[in-house]
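I opened the model to look up a few side-chain and helix details. My entries follow in the order I made them.

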Amino acid sequence: MATISELKNAVRETLESRGVLGQLKARIRAEVFNALDEHRGARPSLSHENLLINELIREYLEFNKYRNTASVLTAESGQPETPLDRQFLATELRVSEDASSKTVPLLYGLVSHFLNSSDNRGKVLLRGAAVSVSAPGHDS
(Lines give C-alpha, C1' and ligand atoms only; values in the text may rest on other atoms or scores of the structure.)
Protein backbone atom coordinates (compact mmCIF):
# COMPACT_ATOMS: atom_id res chain seq x y z
CA MET A 1 0.00 0.00 0.00
CA ALA A 2 1.30 3.45 -0.97
CA THR A 3 2.10 6.05 1.63
CA ILE A 4 0.52 9.49 1.65
CA SER A 5 3.83 10.96 0.48
CA GLU A 6 3.96 8.56 -2.48
CA LEU A 7 0.35 9.41 -3.39
CA LYS A 8 1.10 13.16 -3.23
CA ASN A 9 4.10 12.68 -5.51
CA ALA A 10 2.09 10.59 -7.97
CA VAL A 11 -0.68 13.19 -8.13
CA ARG A 12 1.86 16.03 -8.53
CA GLU A 13 3.69 14.20 -11.33
CA THR A 14 0.43 13.43 -13.12
CA LEU A 15 -0.76 17.03 -12.89
CA GLU A 16 2.63 18.29 -14.10
CA SER A 17 2.75 15.87 -17.04
CA ARG A 18 -0.73 16.97 -18.14
CA GLY A 19 0.18 20.65 -17.80
CA VAL A 20 -2.56 21.18 -15.24
CA LEU A 21 -0.33 22.06 -12.29
CA GLY A 22 1.14 25.09 -14.06
CA GLN A 23 -2.31 26.27 -15.07
CA LEU A 24 -3.57 25.93 -11.49
CA LYS A 25 -0.59 27.87 -10.15
CA ALA A 26 -1.10 30.62 -12.73
CA ARG A 27 -4.80 30.84 -11.93
CA ILE A 28 -4.04 31.10 -8.21
CA ARG A 29 -1.47 33.87 -8.91
CA ALA A 30 -4.00 35.73 -11.05
CA GLU A 31 -6.64 35.49 -8.32
CA VAL A 32 -4.13 36.71 -5.72
CA PHE A 33 -3.32 39.72 -7.96
CA ASN A 34 -7.05 40.40 -8.36
CA ALA A 35 -7.61 40.20 -4.59
CA LEU A 36 -4.68 42.55 -3.92
CA ASP A 37 -5.90 44.98 -6.58
CA GLU A 38 -9.34 45.12 -4.97
CA HIS A 39 -7.74 46.41 -1.78
CA ARG A 40 -5.61 49.00 -3.60
CA GLY A 41 -8.59 50.63 -5.22
CA ALA A 42 -9.19 51.17 -8.88
CA ARG A 43 -6.25 50.67 -11.20
CA PRO A 44 -5.48 53.41 -13.70
CA SER A 45 -7.34 53.15 -16.97
CA LEU A 46 -5.60 51.10 -19.61
CA SER A 47 -4.05 53.62 -22.01
CA HIS A 48 -4.05 52.98 -25.74
CA GLU A 49 -0.26 52.51 -25.69
CA ASN A 50 -0.41 50.01 -22.83
CA LEU A 51 -3.20 48.11 -24.55
CA LEU A 52 -1.03 47.70 -27.66
CA ILE A 53 2.13 46.85 -25.72
CA ASN A 54 0.33 44.28 -23.57
CA GLU A 55 -1.15 42.73 -26.69
CA LEU A 56 2.28 42.44 -28.33
CA ILE A 57 3.56 40.75 -25.18
CA ARG A 58 0.53 38.44 -24.93
CA GLU A 59 0.92 37.37 -28.57
CA TYR A 60 4.61 36.60 -27.92
CA LEU A 61 3.84 34.68 -24.70
CA GLU A 62 1.12 32.57 -26.30
CA PHE A 63 3.25 31.84 -29.37
CA ASN A 64 5.98 30.49 -27.09
CA LYS A 65 3.40 28.54 -25.06
CA TYR A 66 3.90 30.69 -21.95
CA ARG A 67 0.15 30.52 -21.40
CA ASN A 68 0.35 30.70 -17.61
CA THR A 69 2.33 33.93 -17.79
CA ALA A 70 -0.08 35.29 -20.39
CA SER A 71 -3.06 34.57 -18.14
CA VAL A 72 -1.43 36.42 -15.24
CA LEU A 73 -0.58 39.37 -17.54
CA THR A 74 -4.20 39.55 -18.66
CA ALA A 75 -5.56 39.39 -15.12
CA GLU A 76 -3.09 41.83 -13.60
CA SER A 77 -3.10 44.42 -16.38
CA GLY A 78 -6.83 44.56 -17.00
CA GLN A 79 -6.24 43.62 -20.63
CA PRO A 80 -9.43 42.33 -22.30
CA GLU A 81 -9.75 38.54 -22.13
CA THR A 82 -10.27 38.32 -25.89
CA PRO A 83 -7.05 39.11 -27.77
CA LEU A 84 -7.08 42.03 -30.19
CA ASP A 85 -7.28 41.12 -33.86
CA ARG A 86 -3.76 40.85 -35.27
CA GLN A 87 -4.63 42.90 -38.36
CA PHE A 88 -6.00 45.67 -36.12
CA LEU A 89 -2.78 45.60 -34.09
CA ALA A 90 -0.61 45.73 -37.24
CA THR A 91 -2.67 48.63 -38.60
CA GLU A 92 -2.41 50.56 -35.32
CA LEU A 93 1.37 50.10 -35.32
CA ARG A 94 1.61 50.94 -39.05
CA VAL A 95 3.24 47.59 -39.77
CA SER A 96 3.12 45.96 -43.19
CA GLU A 97 3.46 42.20 -43.25
CA ASP A 98 4.30 39.58 -45.82
CA ALA A 99 3.17 35.94 -45.68
CA SER A 100 6.22 34.74 -43.72
CA SER A 101 6.00 37.47 -41.08
CA LYS A 102 2.44 36.44 -40.26
CA THR A 103 3.70 33.12 -38.88
CA VAL A 104 5.43 34.75 -35.90
CA PRO A 105 4.38 37.38 -33.34
CA LEU A 106 4.55 41.01 -34.40
CA LEU A 107 7.11 41.63 -31.67
CA TYR A 108 9.61 39.39 -33.50
CA GLY A 109 9.18 41.45 -36.66
CA LEU A 110 9.58 44.73 -34.81
CA VAL A 111 12.75 43.60 -33.06
CA SER A 112 14.14 42.14 -36.29
CA HIS A 113 13.44 45.39 -38.11
CA PHE A 114 15.40 47.45 -35.59
CA LEU A 115 18.24 44.94 -35.33
CA ASN A 116 18.66 44.86 -39.10
CA SER A 117 17.96 48.52 -39.81
CA SER A 118 20.87 50.52 -41.22
CA ASP A 119 19.01 53.82 -40.85
CA ASN A 120 20.59 56.23 -38.38
CA ARG A 121 23.21 53.62 -37.41
CA GLY A 122 20.46 51.43 -35.92
CA LYS A 123 19.31 54.08 -33.48
CA VAL A 124 15.77 55.31 -33.04
CA LEU A 125 14.92 58.71 -31.65
CA LEU A 126 12.41 58.25 -28.84
CA ARG A 127 10.23 61.15 -27.83
CA GLY A 128 8.97 61.41 -24.26
CA ALA A 129 5.58 62.71 -25.37
CA ALA A 130 4.87 59.29 -26.89
CA VAL A 131 4.80 57.73 -23.43
CA SER A 132 1.55 58.15 -21.52
CA VAL A 133 1.96 59.65 -18.07
CA SER A 134 -0.87 57.42 -16.85
CA ALA A 135 1.18 54.27 -17.37
CA PRO A 136 0.56 51.90 -14.42
CA GLY A 137 3.34 52.01 -11.87
CA HIS A 138 4.59 55.38 -13.06
CA ASP A 139 2.98 57.96 -10.84
CA SER A 140 3.74 61.57 -11.68
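This is a predicted model: local features need pLDDT of at least 70, side-chain atom pairs count only at pLDDT 80 or more; totals for chains, interfaces and linings use all residues.

Residues are numbered from 1 along each chain as its sequence is written, and side-chain values use heavy atoms, with hydrogens and water left out.

Next I checked the ring partners of tyrosine 108. With phenylalanine 63 it forms an edge-to-face aromatic pair, 5.8 Å centre to centre with 70° between the planes. For pairing, ring centres of Phe, Tyr and Trp (its six-membered ring) must lie within 6.5 Å; planes under 30 degrees apart are stacked, over 60 edge-to-face, the rest tilted. Phenylalanine 63 is in helix α3 and tyrosine 108 in helix α6, so this pair ties together parts 45 residues apart in sequence. Helices are DSSP runs (H or I, at least four residues), numbered from the N terminus. I noted phenylalanine 63 as partly exposed, with a relative accessible area of 40%.

I then counted aromatic pairs and got three in the structure. Tyrosine 60 and tyrosine 108 make a tilted one, at 5.9 Å centre to centre and 55° between the planes. Tyrosine 60 belongs to α3 and tyrosine 108 to α6 (residues 106-116), so the pair ties together parts 48 residues apart in sequence. Tyrosine 60 is partly exposed at 28% relative accessibility. I logged Tyr60, Phe63, Tyr66 and Tyr108 as one aromatic cluster.

How do α3 and α4 pack? I read an angle of about 160° and axes 8 Å apart for α3 and helix α4 (residues 67-77); axes are lines fitted to C-alpha atoms over the stretch in contact, and angles run from 0 to 180 degrees between N-to-C directions. The two helices are therefore roughly antiparallel (angles over 145 degrees). On the α3 side, the contact residues include Ile57 and Leu61, and on the α4 side Ala70 and Leu73; contact means heavy atoms within 4.5 Å.

Last, I looked up the largest nonpolar core and found five residues: Leu52, Leu56, Leu89, Ala90 and Leu106. Such a core joins buried Ala, Val, Leu, Ile, Met, Phe, Trp, Tyr and Cys residues through side-chain atoms within 4.5 Å. Leaving aside neighbours within four places in sequence, alanine 90 is in contact with Val95, Glu97 and Leu106.

Conventions
Buried means under 20% relative accessible area, exposed over 50%, partly exposed in between (1.4 Å probe, protein chains only). Angles under 35 degrees count as roughly parallel, over 145 as roughly antiparallel, 65 to 115 as roughly perpendicular and the rest as oblique.
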